Amino acid sequence: MSETRLSFKEMCERFEVTPRTLRYYEYIELLSPAREGRARWYGAREVARMTLILRGRRFGFPLEDIRQWLLIYEREGTEAQMRAWVTMADAQMEELRSQRRLIDEALTELVDLRDQTAAYLKKADDSSS
C-alpha cells in the first residue's frame, strides 16, 4: 500500500492525544480507521480529519458541530463545507468576543479588589509601625 498508515499508538503520538481521546473520537464517528484484526490503521483521510478536529477544538467548537461539519463534506462536497465553515466561524468568533468581554470585566474587577485590599493592608501596616 503506497499510502502512509499510522498505527493507533503512532496516531496518539503524532497528535499528542491520549488513547482514550482517540477511542472516543472513533466512538462518536469522527474517525473511522481501517481495521485488521484488533489493529487500527489511520490513513491520509483520518489524519486530515484529526487535524481538522483538533483545530476545531482549539477554536472552541463542540465536537458535535465538528462532526456535523465533517459530514457536510461527505454529503455535499467542499464548497458546501466551506460555506458552513464561514457561518460557523462567524458565530464562534462572536462567542469568543463575548467571552473575552466577560474575562476583561472579571479581570478589571479582580484588579480593583486586589488593589483595594493591598492598599488597606499597607495602611494597616503603616499605622501599626
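Arg67 touches Ile28, Glu29 and Leu30, leaving aside residues up to four places away in sequence. This is a predicted model. Start at Arg67 and look around. Arg67 sits in helix H4, which spans residues 63-76.

Now follow the contacts of Arg67 to Glu29. Glu29 lies in the loop between H2 and S2. Its phi is positive, about 65 degrees, although Glu29 is not a glycine. Is Glu29 buried or exposed? Its relative accessibility is 56%, so Glu29 counts as exposed, because the exposed class begins over 50%.

Glu16 is found in the loop between H1 and H2. Glu16 is not a glycine either, yet its phi is positive, about 55 degrees. With a relative accessible area of 74%, Glu16 is exposed.

Next comes helix H2, residues 19-27. Glu29, with its positive phi, follows this helix. Which residues of H2 are buried? They are Leu22, Tyr25 and Glu26. These three cover an arc of only 100 degrees around the axis, so they lie on the same side of H2. Turn to the other side of H2, and Arg20 and Tyr27 are exposed. What do the buried residues of H2 pack against? They meet helix H1 (8-15), strand S2 (34-36), strand S3 (39-42), helix H3 (44-58) and H4.

Leaving aside residues up to four places away in sequence, Leu30 touches Tyr25, Glu46, Arg49, Ile53, Leu63, Ile66, Arg67 and Leu70. Tyr25 is one of the buried residues of H2. Arg67 is where we began, in helix H4.

Strand S1 comes next. It covers residues 6-7, and Ser7 is part of it. Ser7 has a relative accessible area of 17%, which means that it is buried, because buried residues fall under 20%. Its contacts, again without residues up to four places away in sequence, are Arg40, Trp41 and Tyr42. Find these three within strand S3, residues 39-42.

Finally, turn to helix H5, residues 78-128. Gln81 belongs to this helix. Its relative accessibility is 10%, so Gln81 counts as buried. What does Gln81 touch, not counting residues up to four places away in sequence? Its partners are Trp69, Leu70, Ile72 and Tyr73. Leu70 also touches Leu30.

Another residue of H5 is Leu107. Leu107 is partly exposed, with a relative accessible area of 48%. Together with Leu110 and Val111, Leu107 makes a nonpolar surface patch of about 270 Å².

Key
Residues numbered from 1 in each chain as written. Predicted model: local features only at pLDDT ≥ 70, side-chain atom pairs only at ≥ 80, totals over all residues. Heavy atoms only, no water. Helix = DSSP H or I, 4+ residues; strand = E, 2+ residues; numbered from the N terminus. Contact = heavy atoms within 4.5 Å. Buried < 20%, exposed > 50% of the residue type's maximum accessible area, 1.4 Å probe, protein only. Arc of directions from axis to C-beta. Patch = residues over 30% accessible without salt bridge, like charges linked within 9 Å, V, L, I, M, F, W, Y side chains within 5 Å. Areas by Shrake-Rupley, 256 points an atom, 1.4 Å probe, with all protein chains shown as cover. Salt bridge = Lys/Arg side-chain N within 4 Å of Asp/Glu carboxyl O.
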